[in-house]
Amino acid sequence: MQPDPQRDRFNLRVLLVVSAIGWGMSFFAAFAPWFLVVRWIEAIGGLTPPDHPMIQYWVRMAGAGFGFIGLFYLRLALRPTNHLHWMRFASLLNLAVGSVILAEALILRLPSSRFRMDTLFCFGCGTGIWIYSGRLLRADGRDEPAGDHYPPPIAGKK
């Protein structure tokens, strides 16, 4: 199959938009009235959080942090080929969070229905971003981002 940079750019943009939505929807938890946040948590399969100020603080803090990660992905999605140097980081961010979610869910012995979509989201987007950004880098004749060629080649040796 021949490389198709236009299709790879489209696929990369779709994955970045999906990442932006997946992370960005957490802004709802940061800014919506608490009773709506509780309903939302229950609607997506979570348990009803206790009505305690520290729980509200942590949920809103996490919502804001995740929401800003979504803005990062949105920025990358607007002009993905201008930001190829950030794509490996964007990929690894999803893969790292997916790994933490999966490991913690397995340690806690949660039913797979509680974490399956989160891990699929993180691993799917992370892997896809890695693949399509790498193809675009190679299609443009650019070197891979720093870090992909370690150890560096020794001068004079192949």
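The model is a predicted one.

**The whole protein**

- Of the 158 residues in the protein, 31% are buried.
- Take the contacts between residues at least 6 apart in sequence: 69% of them join residues at least 24 apart.
- The exposed surface comes to about 10,500 Å², and carbon and sulfur atoms supply 66% of that.

**Where α3 meets α4**

- Helix α3 covers residues 34–43 and helix α4 covers residues 53–78.
- Their axes come within 12 Å and cross at roughly 70°. Angles of 65 to 115 degrees count as roughly perpendicular, and α3 and α4 are therefore roughly perpendicular to each other.
- On the α3 side, the contact is made by Trp34, Val37 and Ile41.

**Pro49, in the loop between them**

- Pro49 sits in the loop between α3 and α4.
- Is Pro49 buried or exposed? Its relative accessibility is 14%, and buried means under 20%, so Pro49 counts as buried.
- Leaving out residues up to four places away in sequence, Pro49 touches Trp34, Val38, Ile41 and Ile55.
- Pro49 and Val38 are 11 residues apart in sequence, and their C-alpha atoms are 6.8 Å apart in space.

**Helix α5**

- Helix α5 runs over residues 84–107, which makes 24 residues. At 1.5 Å a residue it should span 34 Å; the end C-alpha atoms are 35 Å apart, so the two agree.
- The buried residues in α5 are Leu84, Met87, Arg88, Ala90, Ser91, Leu93, Asn94, Gly98 and Ala105.
- An α-helix has 3.6 residues a turn, so residues three or four places apart point the same way. With that in mind, look at Leu84, Met87, Ser91 and Asn94, which are among the buried residues of α5.
- What covers the buried residues of α5? The cover includes α1 (5–24), α4 and α6 (116–139).
- Just after α5 comes Arg109, which takes a positive phi of about 55°.

Methods:
Residues are numbered from 1 along each chain as its sequence is written. This is a predicted model: local features need pLDDT of at least 70, side-chain atom pairs count only at pLDDT 80 or more; totals for chains, interfaces and linings use all residues. Side-chain values use heavy atoms; hydrogens and water are left out. Axes are lines fitted to C-alpha atoms, for helices over the stretch in contact, and angles run from 0 to 180 degrees between N-to-C directions. Helices (H or I, at least four residues) and strands (E, at least two) are DSSP runs, numbered from the N terminus. Angles under 35 degrees count as roughly parallel, over 145 as roughly antiparallel, 65 to 115 as roughly perpendicular and the rest as oblique. Contact means heavy atoms within 4.5 Å. The expected span of a helix is 1.5 Å times one less than its number of residues. Buried means under 20% relative accessible area, exposed over 50%, partly exposed in between (1.4 Å probe, protein chains only). Accessible areas come from the Shrake-Rupley method with a 1.4 Å probe; for residues, only the protein chains shown count as cover.
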